[in-house]
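Open the model and keep the sequence beside it. The walk below goes from the overall fold to single side chains.

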Amino acid sequence: ALKVTGWLAKADDGNGPSQDELDPDHPRQLPLAGRYRLDAKIAEGGFAEVWRGYDLELRRAVAVKVPKQGRLTSAERFIAEARRVAGLKHPGVVPVFDVGREGDSCFIVSEFVEGGSLAERIAKNRQTAKEAARLVAEIAETLAYAHRQGFIHRDIKPANILIDHLG
């Protein structure tokens, strides 16, 4: 909890953490849409990369999903899917904040989940049977909600399940 709220003790200069504090090897670049700074790549799949970013306007950490070069077949479909996900209202679904276009590509901005993935949690320590059952029940309930809304997640795996700082 102290790590998550550590920003309370720091003066807010309006820029968030500096680029050097986050990923000194990542070259500085202009923010996406003049607003979202990409700080460090946090995940990569076959279709897209997910970056820890910073919303310069609202002064908060965000996650930014950007399709890999050559993988985007339809920006309209990508943005339409983001709009549909933005309509989901459930504690187990990461909220979508924004979508945008940048050059020939587009991006989705969502809440940055501080806690990490289920894969990371499993790698760190073995869960008790009670904890595992609680997580499976929450995941199943979230998937059932998404299915009722017409969504089918085609890549359920521990690396794609995020656990926030509250567990």
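This is a predicted model: local features need pLDDT of at least 70, side-chain atom pairs count only at pLDDT 80 or more; totals for chains, interfaces and linings use all residues.

Residues are numbered from 1 along each chain as its sequence is written, and side-chain values use heavy atoms, with hydrogens and water left out.

Start with the fold. The protein has five helices and five strands. Helices (H or I, at least four residues) and strands (E, at least two) are DSSP runs, numbered from the N terminus. Along the sequence, the pattern reads α-α-β-β-β-α-β-β-α-α. Of the 167 residues, 29% are buried. Buried means under 20% relative accessible area, exposed over 50%, and partly exposed in between (1.4 Å probe, protein chains only).

Now go to the core. A nonpolar core is a set of buried Ala, Val, Leu, Ile, Met, Phe, Trp, Tyr and Cys residues joined through side-chain atoms within 4.5 Å. The largest one here has nine residues: Leu32, Tyr36, Leu38, Trp51, Val62, Val64, Val66, Phe107 and Val109. Strands β1, β3 and β5 each give two or more residues to this core. β3 gives the most, with three. In soluble globular proteins, nonpolar side chains tend to be buried together.

Which rings pair up? The whole structure holds two aromatic pairs. Rings of Phe, Tyr and Trp (its six-membered ring) pair if their centres lie within 6.5 Å; planes under 30 degrees apart count as stacked, over 60 as edge-to-face and the rest as tilted. The ring centres of Tyr36 and Phe107 are 6.0 Å apart and their planes stand at 70°, so this pair is edge-to-face. Tyr36 sits in strand β1 (residues 36-44) and Phe107 in strand β5 (residues 105-111), so the pair ties together parts that are 71 residues apart in sequence. Tyr36 is buried, at 2% relative accessibility. Phe107 is buried too, with a relative accessible area of 1%.

The other pair is Phe47 and Phe78, which is tilted, with 5.9 Å centre to centre and 45° between the planes. Phe47 lies in the loop between β1 and β2 (48-55) and Phe78 in helix α3 (residues 75-86), so this contact ties together parts that are 31 residues apart in sequence. Phe47 is partly exposed at 28% relative accessibility, whereas Phe78 is buried at 10%.

Two arginines also meet rings. A charge sits over a ring if NZ of Lys or CZ of Arg is within 6 Å of the ring centre and within 35 degrees of the ring normal. Arg60 lies over the face of Phe97, 3.8 Å from the ring centre. Arg84 lies over the face of Phe151, at 4.1 Å from the ring centre.

Finish at the second largest pocket. On a 1 Å grid over the protein atoms alone, a pocket is an open set of points where a 1.4 Å probe fits, with protein on both sides within 12 Å along at least five of seven lines; lining residues have an atom within 4 Å of a point. The second largest pocket is lined by 17 residues, and the closest to its centre are Val66, Pro67, Gln69, Glu102 and Ser105. β5 gives the most to this lining, with three residues.

Val66 links this pocket to the core. Val66 lies in strand β3 and is buried, with a relative accessible area of 18%.
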